[in-house]
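Hi everyone, thanks for coming.

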Amino acid sequence: MKKISILSLLGVTGFLVLGCSSNQPVFDSSNTTVQVVKGKSYNIPKGANPSPYVDDKVIAFYQKIGLTECKNGDITWEEETAKEEMGVAISKGDKGIYKKLAKENRIGCASPIQ
C-alpha cells in the first residue's frame, strides 16, 4: 500500500511539473489590427479592446505606472482578460493591478495612424 501511495504521489507530481512547464497561449501585443475610434484609425493588439473613456488624466496615470510612450491624444486599450482582472482587483481595492498589467504588456496606449 505504501508503494502505491508513493507511486501515485510521484505520478501527480510529474503531471503538475509537465502541465506547468508547457507553453501556454500568451497575449502578443506586437500582433496588431487597425481599429477606428471616433473617426481615427489606431493599431491596437489583436485580442485587445479600446477603452471606452480616455482623457488627459488617464494618459497621465498610464505614464505614471510605466507606460511612458503614452501621450495626450492617444487612446488606451486592454487585453480582454486584463479587463476582467481589473474589474475583480478594483472591487477588492487593489490599484496595483494596473502596474502589473502594464509590465506584462496587457494594457497600453495607441496613437492615431498618420
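Here is a question to start with: on the other side of H3, which residues are exposed? They are Glu84 and Ser91, where exposed means over 50% relative accessible area, buried means under 20%, and partly exposed is in between, with a 1.4 Å probe and protein chains only.

Some housekeeping before we go on. This is a predicted model, in which local features need pLDDT of at least 70 and side-chain atom pairs count only at pLDDT 80 or more, while totals for chains, interfaces and linings use all residues. Residues are numbered from 1 along each chain as its sequence is written, and side-chain values use heavy atoms, with hydrogens and water left out. Helices (H or I, at least four residues) and strands (E, at least two) are DSSP runs, numbered from the N terminus.

Let's look at strand S4, residues 75-79. Five of its five residues are buried. In general, side chains in a regular strand alternate between the two faces of the sheet. In S4 both faces are covered: Ile75, Trp77 and Glu79 are buried on one side, and Thr76 and Glu78 are buried on the other.

S4 also has partners, and strands pair here if DSSP finds at least two bridges between them. Strand S3, residues 48-50, runs antiparallel to S4 and is joined to it by three bridges, with Asn49 partnered by Glu78. Strand S5, residues 107-110, pairs with S4 in the antiparallel sense over four bridges, and there Thr76 stands opposite Cys109.

Now back to helix H3, residues 80-91. Its twelve residues reach 17 Å from first C-alpha to last, close to the 16 Å expected, which is 1.5 Å times one less than the number of residues. Its buried residues are Ala82, Met86 and Ala89. Seen down the axis of H3, they fall within an arc of 70 degrees, so they line one face of the helix; the arc is that of the directions from the helix axis to the C-beta atoms. What covers them includes S4, helix H4 (97-103) and S5. Just after H3, Gly93 takes a positive phi of about 85 degrees.

Let's finish on Ala82, which counts as buried because its relative accessibility is 0%. Leaving aside neighbours within four places in sequence, Ala82 is in contact (heavy atoms within 4.5 Å) with Leu101, Arg106 and Ile107. Ala82 and Ile107 are 25 residues apart in sequence, and 7.4 Å apart in space, C-alpha to C-alpha. Thanks, everyone!
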